[in-house]
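Please read the following points with the model open beside you, and check each one against what you see.

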Amino acid sequence: MFARLRWFIVLTLFVGGGISYLDRAALSVAAPLISKDLHLDPAQLGIVFSSFFFGYALFCFVGGFASDKIGPKNVFTCSATIWMRKTVNQDEKI
């Protein structure tokens with residue numbers, strides 16, 4: 001029973017990581033459309049992409065630190081919950 005649950009969790013984390021990787025890869029493919037839609041020149045688009053990747057790199061360290069302090073299971077649970085809630089609520093108006 002627990003072995004099946006463990007592999008289900010591993011599969012879920014793998015799929016989540018894969019989706020996250022595809023999101024990062026799709027950003028460069030969508031660059032011309034983003035640039036045209038938001039009227040950004042190449043320098044401004046570079047700043048947008050740099051800020052995105054800087055935030056990603058920063059939270060790698062934050063996640064590692066949090067894993068050391070509160071444990072990886074808690075970090076995975078919290079990050080997956082936050083990701084799920086943000087994904088579900090992305091169409092709401094602010």
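1. In this predicted model, the residues that line the largest pocket divide by class into 20 nonpolar, 10 polar and 5 charged. The lining comprises 35 residues, and those lying nearest the centre of the pocket are Val 75, Phe 76, Ser 79, Ala 80 and Trp 83. The volume of this largest pocket is about 1500 Å³.

2. Which helix gives the most to the lining of the largest pocket? That is helix 4, with 14 residues, while helix 1 (2–29), helix 3 and helix 4 each supply at least two residues of the lining.

3. Helix 3, which covers residues 42–70, has 29 residues and reaches 41 Å from its first C-alpha to its last, a span close to the 42 Å expected at 1.5 Å a residue. Just after helix 3 comes Gly 71, which takes a positive phi of about 100 degrees.

4. Helix 4 covers residues 72–88, and its axis comes within 7 Å of the axis of helix 3, the two crossing at roughly 130 degrees. Angles of 65 to 115 degrees count as roughly perpendicular and those over 145 as roughly antiparallel, and helix 3 and helix 4 are therefore oblique to each other. On the side of helix 3 the contact is made by Gly 63, Ala 66, Ser 67 and Ile 70, and on the side of helix 4 by Pro 72, Asn 74 and Val 75. Sorted by class, this contact of helix 3 with helix 4 has 4 nonpolar and 3 polar residues, and no charged ones.

Key: Residues numbered from 1 in each chain as written. Predicted model: local features only at pLDDT ≥ 70, side-chain atom pairs only at ≥ 80, totals over all residues. Heavy atoms only, no water. Axes fitted to C-alpha atoms, helices over the stretch in contact; angles between N-to-C directions. Helix = DSSP H or I, 4+ residues; strand = E, 2+ residues; numbered from the N terminus. Parallel < 35°, antiparallel > 145°, perpendicular 65-115°, else oblique. Contact = heavy atoms within 4.5 Å. Nonpolar A, V, L, I, M, F, W, Y, C, P; charged D, E, K, R; others polar. 1 Å grid on protein atoms, 1.4 Å probe; cavity = no way out; pocket = protein on both sides within 12 Å on 5 of 7 lines; lining within 4 Å. Points joined across faces, edges and corners; volume = space filled by probe spheres on them. Expected span 1.5 Å × (residues − 1).
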